Amino acid sequence: MTVIDAPRPTMTDDERRALIQSAARATYNRKVWMSRVFMVFLGLALIIALIPLLSIIRDVIGNGWRYVNWTFLSTPQAAEVSMFNQNAIGGISNAITGTLLIDAIATLIAIPISILMAISLYESSGRIMNAVRMYVEVMIGLPSILVGIFIYVVVVTPMGYRFTAFAGALALAMMMIPLMTIACESALRAVPETLTEAALALGAKPSRVMLRVVLPYAVPRMITGIMLSMSRAVGETAPILFIIGSSLVNSWKPLQPATSLPTMMFNYLFNSNYQSQKDACWGIALILIFAVFLLNLASRVIVARTQKGRS
Amino acid sequence: MEITEQGNEASKQAQQAADSIPSMVEAIADKGPQTSIMSLRDVAVTFGSKVAVRDVSFDVGKNRVTSMIGPSGSGKTTLLRALNRLHDLTKGAKVTGSITLDDTDIYNGGIPTTLLRSRIGMVFQRPNPFPTMSIYENVASGLRFNGVKKKSIIDDAVEHSLKAAALWDAVENRLKVAGGTLSGGEQQRLCIARALAVEPEILLMDEPTSALDPVSTQHIEDLMSSLKEIVTIIIVTHNMQQAARVSDDCAFLLMGDDRAGELIEFATTEKIFTDPSDKRTLDYIQGRFG
Ligand SMILES: Nc1ncnc2c1ncn2[C@@H]1O[C@H](COP(=O)(O)OP(=O)(O)OP(=O)(O)O)[C@@H](O)[C@H]1O
Ligand SMILES: [Mg+2]
């Protein structure tokens, strides 16, 4: 009846089981001990990582909270600060407008390009596409100042040295595209192959499979990637610093100069003679951090929604 | 050859029994349906607000094969996964009631989960060999996880487990290739070998032969009968004949009016299949619903 014909010369089943169980117990005990040590290290690493982060947040909130009021948010910066009334610096609405405008255009440009690139990277293999992927990955590490110089040379200069929000958006889009592409591609790669096969086996065209099965499954992860790339771009200063110029009024015109939150901060800190403007940077910093926080929160909410009923 | 082997086993055992102290003889003689290795009392599993299975109480006889049958969705897999605490990983999953292994409550700190799982093996409904490991490494993985390092022991266990799972002949010459390259049925047998290598006391099997051809199925069923000597088996199956053939005891689960699975009847397989106490069991056995 038995199909076991392996001779077991060394030990009986019971002996073997006893041996394995004692090994398991010893391993477990060692692991318990090791995992305690490990936990201590983890805790220390966490604390070391959190200390600078928390102290930044503490400083920014501590110094910046008094700027968070409707007047500060809704009035543009003062055109000129007078020597005699240094505290009348106005608000930051022109920079909020600029940031929204530039980031919105940049995102609108970056999303379709990134998704198309991600799909083509996902769908095709081979030398050329591998080279493209490597190129994209290298672009992630491109110093952002280079992007700014590039846009200055190919966009701002030909337009007659005109500083525009649009040029800034192009620069930010260039920053976002590699990040978004890689994030979207890995979202596509995370789709279980069995799903693709199931759809193909139903006679679906590959393009249909992509649209109906792969993309819907990948969307939550893609959104996370897109939002993270956006929050990276929101705070970027270097690539837009010398291409968007500045605007003292709330301007929604892409082809006009604009001020964004990071560039305003830069100018207040380094080009202003007034302590009041330097102090206001705390407020701007708080708003920027809050914006990044909101983006992250939004991506979480969207992902949680789309993930419902999926296992 | 098989008969000889059986003879060898028997004579070896007789020899051992004769050599050992009387208490050991008693222990062997004691092995009957009365000895239970695992007890379930009012076990229920819920996912958030959904009750997947409830009101389950029975004893798992040591060195016996217990089958769980019932229609799709009656909570067989869910119940099986409660026995080695796999639901710990699922957010919102909750197991209530008591499950004891050798009189130790497995949910209330009686035994570390890791150790519990090294004593209770599992074969899943879908084959899941580790794709990054070779066939050899797949079988050896459990031993390595548990800190067994000696190569001779691992070699021996790999060969023995693969033979037990009726896979040795097919893979003997390609132990180093990736486990994912095997056919679906071969992968399932690889997973069985992987579970056996750890010498578990209990082996949980979730429809282990649903992906196998009749010959391999036959092998696995034979294997279960011979494995009983050393391991207690709990098997979920949709195949009535299989349940009747291989199991000693049988649990029948069915959805109640609110679609939650319930234990309808637990008895010896013989009784379930010849003289069930509950009419619903009879209906199911005779294929009247499900
Ligand atoms: N992770 C989960 N979250 C929510 N509900 C679940 C989860 N797993 C199982 N269920 C539900 O529990 C019920 C029982 O499922 P289970 O997989 O145990 O059935 P089964 O008896 O094994 O069925 P089958 O014979 O088809 O394998 C089903 O209604 C299922 O929807
Ligand atoms: Mg199941």
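In the predicted model, helix H3 of chain B provides the largest share of the shell around ligand 1, with 3 residues (helices are DSSP runs of H or I of at least four residues, strands runs of E of at least two, numbered from the N terminus). The shell comprises 15 residues, each with a heavy atom within 4 Å of the ligand; the closest are B:Ser72, B:Lys76, B:Thr77, B:Thr78 and B:His238. It divides into 3 nonpolar, 9 polar and 3 charged residues (nonpolar: Ala, Val, Leu, Ile, Met, Phe, Trp, Tyr, Cys and Pro; charged: Asp, Glu, Lys and Arg; polar: the others, Gly among them).

An oxygen atom of ligand 1 lies 2.6 Å from a side-chain N or O atom of B:Thr77. A backbone N or O atom of B:Gly75 is 3.0 Å from a ligand oxygen atom, and a polar side-chain atom of B:Lys50 is 3.3 Å from a ligand oxygen atom. Of the 640 Å² of accessible area that ligand 1 has on its own, the protein covers 64% (Shrake-Rupley method, 1.4 Å probe).

The whole structure contains 4 cavities of 30 Å³ or more, a cavity being a set of points on a 1 Å grid over the protein atoms alone where a 1.4 Å probe fits but cannot get out. The largest cavity holds about 40 Å³, and its lining divides into 7 nonpolar, no polar and no charged residues. H6(A) contributes the largest share of this lining, 3 residues.

Residues are numbered from 1 along each chain as its sequence is written, with chains lettered from A and ligands numbered from 1 in the order written. Local features require pLDDT of at least 70 and side-chain atom pairs pLDDT 80 or more, whereas totals for chains, interfaces and linings use all residues, and side-chain values use heavy atoms, without hydrogens and water.

Technical notes:
On a 1 Å grid over the protein atoms alone, a cavity is a set of points where a 1.4 Å probe fits but cannot get out, and a pocket is an open set with protein on both sides within 12 Å along at least five of seven lines; lining residues have an atom within 4 Å of a point. Grid points are joined across faces, edges and corners, and a volume is the space filled by probe spheres set on the points. A polar contact is a pair of N or O atoms within 3.5 Å; within protein, one must be able to donate a hydrogen and the other to accept it, and residues adjacent in sequence count only if both atoms are side-chain atoms.
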